[in-house]
Structure formats: structure tokens, C-alpha cells
Amino acid sequence: MTWQEKARVQTAQEMDRSLRRMAHEIVERNKGLDGVVLVGIQRRGVPLAERIAKLLEKFEGMLPPQGKLDITLYRDDLSLRYPQPLLRGTDVPFDLSGRKVVLVDDVLYTGRTVRAALDALMDLGRPASVQLAVLVDRGHRELPIHADYVGKNLPTSHAEVVEVRVAEIDGADEIWICEKVEEQA
Amino acid sequence: MSWMHRHLLDVDALSRPEMELLLDQAVHMEDLLDRPIKKVPALRGKLVVNLFFEPSTRTRVSFELAEKFLGADVVNWAASGSSTSKGETLRDTAWTLEAMGADAVVVRHGMPGVPWYLREKLRKASVFNAGDGAHAHPTQALLDVYTVWKHCNRSLDGLRVAIVGDVLHSRVVRSDVQAFRLLGAEVVLAGPRTLMPLETDALGAVYEPDPVKAVEGADAVYLLRIQKERALEGLYPTDDEYHRRWGADEELMARAKKGAFVMHPGPINRGVEIASAVADGPNSLILDQVRSGVAVRMALLYLCMGGMEA
Amino acid sequence: MSTERMERCCGGEVPLLLKGGRIFDGERFLDGVTDVLLEDGRVRALGKDLPSPEGAKELQLAGLLVCPGFIDLHGHFRDPGQTWCEDLVSGSLAAAAGGYAVAVAMPNTLPPLDNDALVRDVIERGRRAGGARILPAGCVSKERKGEEMAELAAMADAGAVFFTDDGAPVLRARLLRNALLYTKDLGVRVLEHPEEKDLTKSAQVTEGRCSALSGMRGFPISAEVLGVLRALVLARETNCAVHLTHVSTAAALEAIRAAKADGVEVTCDVTPHHLVLSEEDVLRSNLHAAFKVNPPLRSTADRDALWRGIADGTVDAIATDHAPWHEDEKDLPFQEANFGIASYECAVGAVLDYRRNAEPEVPLERLLALWTSRPGALLPQSAAFPGRLAEGLPAHVTVVDPESAFRVDPALWRSKARITPYKGRHFTGRPVLTVVAGKIVFSALEGGAVRV
């Protein structure tokens with residue numbers, strides 16, 4: 001089984017536009033950046049958080065603290081995955097207590113990753129609040145979780161996957177919908 | 001690259017990339033040890049049995065911490081020496097473990113080969129060798145290389161490691177030689193000939209009868225524990241003589257590279273294989289080894305048990 | 001004799017005509033002879049295109065080797081005393097299925113076979129077992145304790161074919177010396193297990209790579225050499241014969257070779273497992289107890305030296321040292337398991353198969369002689385197993401198919417043992433027919449002619 005590109009959803013320019021809007025919304029919702037920290041979920045949430053942070057710096061003149069969160073050890077589907085995902089490390093070099101944490105991830109789907117991220121976050125400290133920023137919300141939630149900042153709402157089917165590509169990891173910024181292709185024998 | 005092992009019986013099962021993957025994962029696990037809440041739910045619902053046929057508090061506690069930090073359910077089963085002497089064969093013990101639903105068995109036994117025996121008998125559970133006879137002790141070897149590796153910029157290539165002491169009765173040394181060599185280090189063995197196997201070459205290391213020459217230019221000096229009953233068996237005359245000739249004191253360490261690491265699997269016999277000044281000195285990694293042990297065992301348990309069964 | 005009468009009534013009287021085979025007489029393949037007629041428990045005729053007598057059973061054996069019944073000088077039947085491991089019936093059938101017409105039973109039973117009554121018991125029950133004939137060795141010492149001499153003459157009269165404390169060497173040198181002298185005129189040899197026990201306390205594997213890498217105590221080479229030298233020195237001094245069993249090291253074999261050249265009346269056997277396996281197999285098995293045996297599996301250099309000993313004639317016999325154990329004694333961690341390898345039902349195949357690639361090259365007839373005429377010469381004449389095929393000799397025959405390939409599956413064994421280092425191995429060449437005193441005791445021939 002392989003995945004085949006079906007349609008491009010966003011170009012680099014469109015993606016940048018989404019991130020800018022999200023950055024503005026973060027400032028607006030939090031009435032500035034006081035106490036706001038960004039925590040990117042490994043793996044593509046991390047560069048996205050960095051970009052939002054840089055945009056915030058541009059807009060507000062201060063760079064909010066950023067951290068990386070590896071939620072692997074908190075996944076609820078570990079025993080269903082083979083081989084198991086590898087750790088990439090959590091690095092939150094500041095105290096979370098009393099902060100307004102903005103969790104950043106690329107795609108919001110079932111909500112299970114965010115559930116795991118919340119558990120991982122709570123083990124690190126006691127934030128004042130946690131907000132969620134995602135580049136794509138593709139629906140099909142399995143848990144009562146919603147995003148506070150959404151780059152693009154994208155209706156999809158279960159047979160599809162949304163691939164967010166970022167220059168830091170994938171060499172280009174773009175978002176694709178891919179679909180399963182049964183391999184010919 | 002992904003991890004394909006469900007068990008760890010000895011170091012020779014691992015390729016270099018696999019070993020490096022494990023060390024890399026151990027770094028992330030060690031990060032967890034600094035947090036106020038160290039427990040994660042990665043192995044929630046998994047039952048791990050620590051099956052110890054001989055007491056080894058350090059290894060057992062280290063495994064137990066690793067298991068608990070990963071959220072596993074842990075049972076310590078201390079069995080008496082020989083399985084037959086207690087009236088139950090190891091085969092029956094294995095089947096009992098299976099019936100209890102163990103997902104993993106960490107086994108320590110005085111007889112070599114027991115972990116392999118258990119793996120053959122257990123259909124479902126992962127088996128981890130926590131030391132079998134004077135044969136293998138792979139997690140000790142992993143934590144030893146990990147400790148040096150993280151202090152040496154994640155590379156052991158070209159390093160010289162001198163292992164000094166009772167090679168003959170050591171369960172650590174065979175696995176350690178394999179592990180250090182796998183990562184590109186060279187190993188020299190030293191110690192009285194009566195405490196060496198006749199064919200040291202078989203271990204993959206050079207034997208250097210002169211302890212000073214063995215230590216010369218070493219990046220790390222690893223002291224093996226001397227069990228005092230060996231003197232009674234006539235393998236060396238007295239602890240005093242052993243210490244004077246083979247013990248790591250400041251004079252011997254001065255022959256190694258400047259800043260050479262001092263290592264020991266513990267528990268240490270101060271004044272026999274190691275002088276206190278060396279054990280407690282600035283280059284001693286002995287306590288770091290203990291901490292590394294938990295991290296490395298967490299990485300191992302996670303890699304072998306974290307995913308779906310193949 | 002009563003025995004002959006019994007064989008007649010058991011069907012020994014149907015003449016057997018073995019046709020079209022390649023005939024090996026114990027020393028060489030015979031030219032121009034393809035048929036063997038067995039009648040009344042004797043070899044009646046050897047020749048070409050022999051006519052079939054009235055009522056004879058005829059077997060077409062084209063492509064097969066027709067040999068004297070194979071002789072095994074060393075096996076453990078665990079009977080009396082440990083019959084859950086093996087007994088005379090299972091052992092006899094297993095030996096027959098392995099191509100052996102006769103098997104010598106070691107006396108380390110419970111109680112040890114140290115008197116004539118027990119010797120008679122084993123011979124009688126062995127005869128009724130229905131497979132290979134079982135001939136017992138008697139203990140050298142009372143209760144096999146290595147202290148006092150057992151009633152050797154009485155046991156010789158009862159039919160014991162060797163004297164040995166096997167399982168262990170004869171403990172005291174003085175006793176071994178006296179036993180050599182005492183048995184010299186009985187026509188029964190002393191078979192010595194060469195091992196200096198003081199060097200092998202709690203040893204598990206051979207000293208060398210195996211002990212170094214496993215962390216287990218090693219049997220030093222010197223322990224076997226000292227055992228061999230003790231026997232050689234005593235045999236030389238007393239001018240007596242001695243047989244050294246399961247010789248496993250190059251150094252021990254060299255000592256025997258030198259003594260032979262020097263005129264000492266010494267003979268020796270080697271086992272199939274020391275010819276086919278080595279310490280590397282122990283290591284590769286991750287210390288599986290199936291590979292635990294005394295003497296231990298040695299280095300590949302020692303293994304190769306045994307083949308040289310076969311090639312140059314130093315080795316007099318290949319003897320299985322078939323040592324069956326129940327799983328309760330063998331399905332254990334290496335150190336807890338008993339010593340011993342069960343092999344009756346695959347030993348010949350293992351050796352034949354290994355010979356194909358062995359260095360140096362060993363002619364087939366040289367190898368076959370080690371199962372026939374050469375061990376036959378070590379048995380007392382009264383045993384009536386000369387290991388030869390000639391007119392008038394007892395009708396013991398083993399037929400070997402040199403091309404038949406098989407996989408070792410102990411689940412199918414007649415032996416009670418289920419644990420063997422050969423499990424799952426593929427071998428080419430094996431016995432397909434065993435005849436004892438004119439009676440077929442094992443056949444893997446279909447319809448009397450078709451290869452299995």
C-alpha cells in the first residue's frame with residue numbers, strides 16, 4: 001500500500017498567509033503576548049511553532065519562548081503500531097506554571113495526539129491555560145477536542161491523508177491531500 | 001532505520017546502527033529522569049516480571065525503576081538458586097510466567113544460557129538478559145558504552161578501553177568487549193593469568209599481562225569487581241597483593257591518558273580493585289553509570305515492547 | 001544351542017537372499033559378488049546371480065551397500081534403574097533402526113552392572129528385545145566405585161564383552177593396573193574412559209573458545225591426555241591390551257598413535273558427535289543442553305584430527321556413546337542438564353554425510369570397517385559378532401543406502417530420547433536394513449526393493 005498525491009491544498013504563499021492570520025489571532029485572543037509560550041508537537045509542529053513565534057516577534061516586537069514536545073511515550077496507540085515510533089525529545093526550557101501555552105501541530109484529526117500532548121504537558125508543569133493552533137483541521141474527531149486557531153478547515157475522508165510539508169524537514173512548504181493506492185500484484 | 005528486536009539476550013544480536021539508535025533513544029529517556037514527574041504511560045498495562053535467581057540489587061532496582069518510569073506493572077520474583085533444588089524446573093517456571101500473562105521477563109540466573117532457554121519456552125513474552133552466569137550481561141554493556149559515548153561526543157571510534165580484573169568470572173566483560181568494539185573502540189584486558197580464560201583472543205580483545213602497559217594511553221579504565229572468595233580458591237594470594245599490582249590507584253591512573261575515565265560495574269571493593277581516591281575522583285563515571293543504567297534500560301524496554309508485536 | 005532353537009522358532013528359518021547389492025565383507029568391497037544368501041542364521045553363500053532357494057525372501061538391493069552387521073561398542077540403555085530414559089527394548093529397537101546389529105551396553109546403570117547375574121539378565125532381556133543384540137560391559141569395580149575389583153571372571157563367563165567403569169575412569173590407577181592384568185587371559189578387554197577427574201571438577205564445555213565465550217568451566221585437553229597416558233603407561237608396563245573410548249582430542253589421539261607405533265596393544269574409538277560437531281556448535285546453539293556431553297565437543301582442529309586418525313588407521317572404531325535422557329534430565333539450562341547425546345538413529349547417517357566433505361578424504365571402506373571388522377576384532381570371539389561377511393559366519397547384515405537423504409526428527413525415534421543436537425539436520429546416507437542372525441530387525445525398504 002502506498003500513498004499517492006491527489007490534490008494540493010495550499011502553496012507556500014497560502015501557507016504563510018494562514019500562519020500570519022493565526023499569529024494575529026493569537027495576539028488578539030491573548031491581548032498581547034504576555035505569558036504566551038509556544039510548544040510545537042514533534043515533529044512538524046516544531047518548525048511551525050518557530051515560524052509563528054517569528055511572526056509574533058515581527059508583529060509585537062517580542063519573541064515568545066518556544067518548546068518542543070515529544071508525545072510518543074503518551075500515545076494511546078503504541079501497542080497498535082509496528083515498528084514503534086522513535087523518540088525525538090522533549091525540550092521545554094522554561095517553567096510552564098502560570099503560562100498561556102499555545103500548542104502547535106500540523107494537522108488536527110482524531111484529537112488523540114492532542115490528548116497525549118495535554119498529558120505530556122501536564123507532567124511538565126501547571127499552565128494557566130492551553131490553546132491549540134493547527135495548520136489543518138480535517139475533521140473526524142474521536143475526542144472532545146477543538147482547535148483555537150485553524151489555518152484551514154479541510155473536509156476529508158478516512159481513506160485520505162493530509163500531508164503538511166515544511167521546508168525545514170521536507171524541503172518545501174505545501175499541503176497535499178493524498179489517497180491510498182492498492183499496489184498491483 | 002527501525003528497531004526489530006523483541007528480546008535482548010546479548011550484545012552480539014545488535015548491529016552498530018541498532019546500538020546507536022538505542023543510545024540515541026536513551027538520551028531522551030535520560031531527559032525524563034530530570035523531570036519532577038518521571039513516569040510516562042508508554043508501557044501502561046504491560047506486565048514485566050523481574051525473575052531473579054540470584055540476588056543483584058543494583059541490576060534489579062535499575063530495571064525496576066526503568067519499568068516503573070515507563071508505566072509498566074512490575075512484579076519481582078526472587079527464585080532460589082537452582083530451579084531443580086526448589087523442586088520446579090525452569091520449564092515449569094517459564095510456563096507459569098506465560099500463564100500469568102507476563103509481557104516481559106527480565107531474568108538473572110547463575111547459569112549461562114538461561115535467557116535463551118526461556119526465550120525458547122516463552123511464546124509471547126519478551127526476554128531480557130540481566131546477567132547469566134559468567135556469560136553475558138548486555139544491559140550492563142549498553143549502559144557502559146552509553147556512559148562513555150555521551151561523554152565523548154557520541155563517538156567511541158578509536159578509543160582505547162582497558163578492562164582490568166577478574167575476566168574469568170566476569171559476566172560483564174564478554175558483553176562489554178563486544179559493545180565497545182562494535183562502536184569502534186579497542187579493548188585491552190589485564191589481570192592475573194589465573195583470572196583469565198586460556199584463550200583471551202576468543203573474547204576479541206588483547207591480553208596485556210603488565211597492568212601499566214595495559215592502561216597506558218587508555219581513554220577509559222574499567223575495573224572489574226574482585227570477589228574475595230577467589231583468593232581462597234588460590235587464584236591470587238591476597239587482596240593486598242592484588243591491590244598493589246592490579247588495583248587502580250592514582251599512580252596507575254597517571255599512566256592512562258590525562259582525564260581518562262574510571263568505570264566500575266559496582267559494587268566496588270575499595271582498596272582492592274580500586275583506590276578510594278580514584279573511585280571518588282573527578283574522572284570517575286561510576287555514579288553516572290548507575291544513572292545511565294536506568295535510561296538505557298528504559299530505551300531498551302520501550303524499543304522492544306513499545307510497539308505492536310510483529 | 002538354545003539360542004539357535006529360539007531363532008528358528010522366531011522365524012529365523014526363512015532364508016533371505018540379498019540380491020544385486022555392493023558387497024562389503026568388513027574390509028573391502030568384493031568384486032564380482034552381488035548376492036548374499038542367509039540361511040539358518042548363517043551366511044550360506046556369497047556370489048553372483050545366486051539361485052533363490054525354496055521359500056526364500058528375496059530383496060533387490062541395487063545401488064545399496066551390503067555390509068556385515070554394524071557393531072556399536074558404546075551405548076547407554078539406562079536399564080535397570082532409569083528406564084524412563086531408555087530401556088533394553090527401546091534401546092535395542094533404536095540401535096537396529098540406526099543400522100546396528102549389536103550394541104554394547106555400558107554398565108553405569110542403577111544398580112551398576114557389576115556381577116554375573118545382572119550380565120545374564122541384560123543378555124537375556126536384550127535377546128528378547130527384538131532389535132539389535134545387546135551385549136553388556138561389566139564394571140571394573142564393585143558398585144562402580146573405583147575401589148575394589150568386581151567379579152570379572154564370573155562376568156566374562158556370563159558374557160560380558162568389556163570391563164569398564166564408564167561414565168567415569170577407573171578411579172584408582174592401581175585398580176586399573178590390576179584389572180588389565182586380571183583380564184588379560186579372560187579374552188575380555190578393559191574399555192577405559194580417559195579423564196583426569198581432578199582437572200574437570202564442575203567443567204561443562206571444552207576449555208578454549210567455548211569456555212572463554214560461555215563463561216563456563218572448561219574440560220582441559222590435559223584431562224583427557226592424562227587419562228590416556230595413564231592407561232598407555234599401565235598397558236605398556238603390564239603388556240596388556242586396553243581400549244580407550246570416546247577419544248576426543250588431537251593430543252590424546254597423538255599419544256595413542258605413538259603408543260601403537262611403539263607396540264602397545266592399545267585400541268580406541270571416537271564418537272560420531274566428535275567427528276561431526278564442535279564447540280562452535282555449542283556456541284551457535286546459545287548453550288543448548290542438547291550439546292552437553294562428556295567428553296565435551298572440542299575445537300574444529302580436534303575434530304579434524306579425529307578424521308586424520310581415521311584416515312591413517314589410528315582410530316579402531318566409531319562408537320556412538322548413545323546417551324539418552326528424558327526431558328526432565330535434559331530440557332534444562334546447560335549447567336543443570338545431564339551429560340550425553342542420544343544418537344543411535346542418526347549416527348551412521350551423520351558420519352556418512354560428513355565424510356562427503358571431510359578432510360582428509362576417507363575411503364568408504366575404511367569408514368565402514370570402523371563399524372564392522374575393526375570393532376568386531378575387539379569383542380570376545382564367543383560374542384559371535386566378527387563384523388565380517390563370509391560363508392559360514394553368523395548372518396548379521398547391515399544394508400546402507402549411500403544416497404538416501406533424511407531429516408533427523410527425534411519425535412519419530414524408537415529411542416525414548418527426544419533431545420539431540422542433530423534435531424532438524426539433513427543427512428545423506430543411512431542404513432535401510434538390519435539383519436541379526438538371519439532375521440530382519442529393521443527395514444526401511446519398501447516392498448523389499450524400493451528405496452525410501
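**View 1. Contact between the two domains of chain B.** In this view, 23 residues of domain 1 of chain B are in contact with 21 residues of domain 2 of chain B, where contact requires that C-beta atoms, placed from the backbone, lie within 7 Å. On the side of domain 1 of chain B that touches domain 2 of chain B, α1, β4 (126–132) and α12 of chain B each supply at least two residues, and α1(B) provides the largest share, six residues. Helices (H or I, at least four residues) and strands (E, at least two) are DSSP runs, numbered from the N terminus. This side of domain 1 of chain B comprises twelve nonpolar, seven polar and four charged residues; Ala, Val, Leu, Ile, Met, Phe, Trp, Tyr, Cys and Pro count as nonpolar, Asp, Glu, Lys and Arg as charged, and the others, Gly among them, as polar. Domain 1 covers 11–137 + 290–305 and domain 2 covers 138–286 of chain B, with bounds from an automatic or database domain assignment. Their centres, taken over C-alpha atoms, are separated by 25 Å.

The model is predicted: local features need pLDDT of at least 70, side-chain atom pairs count only at pLDDT 80 or more, and totals for chains, interfaces and linings use all residues. Residues are numbered from 1 along each chain as its sequence is written, while chains are lettered from A and ligands numbered from 1 in the order in which they are written.

**View 2. Contact between chains B and A.** Here 16 residues of chain B are in contact with 16 residues of chain A. Helix α1 (residues 16–32) of chain B gives the most to the side of chain B that touches chain A, with three residues. By class, that side of chain B holds nine nonpolar, five polar and two charged residues.

**View 3. Contact between chains C and B.** Chain C contributes 17 residues and chain B contributes 22 residues. The side of chain C that touches chain B has seven nonpolar, six polar and four charged residues.

**View 4. Surroundings of Ala133(A).** Leaving aside neighbours within four places in sequence, Ala133(A) is in contact with Met22(A), Ile26(A), Ile52(A), Val102(A), Leu103(A), Val104(A), Ala147(A), Asp148(A) and Tyr149(A).

**View 5. Fold of chain A.** Chain A has four helices and eight strands, running β-α-β-α-β-β-α-β-β-β-α-β from the N terminus on. Among its contacts between residues at least 6 apart in sequence, 71% join residues at least 24 apart. Along its principal axes, the C-alpha trace of chain A spans about 60 × 40 × 30 Å.
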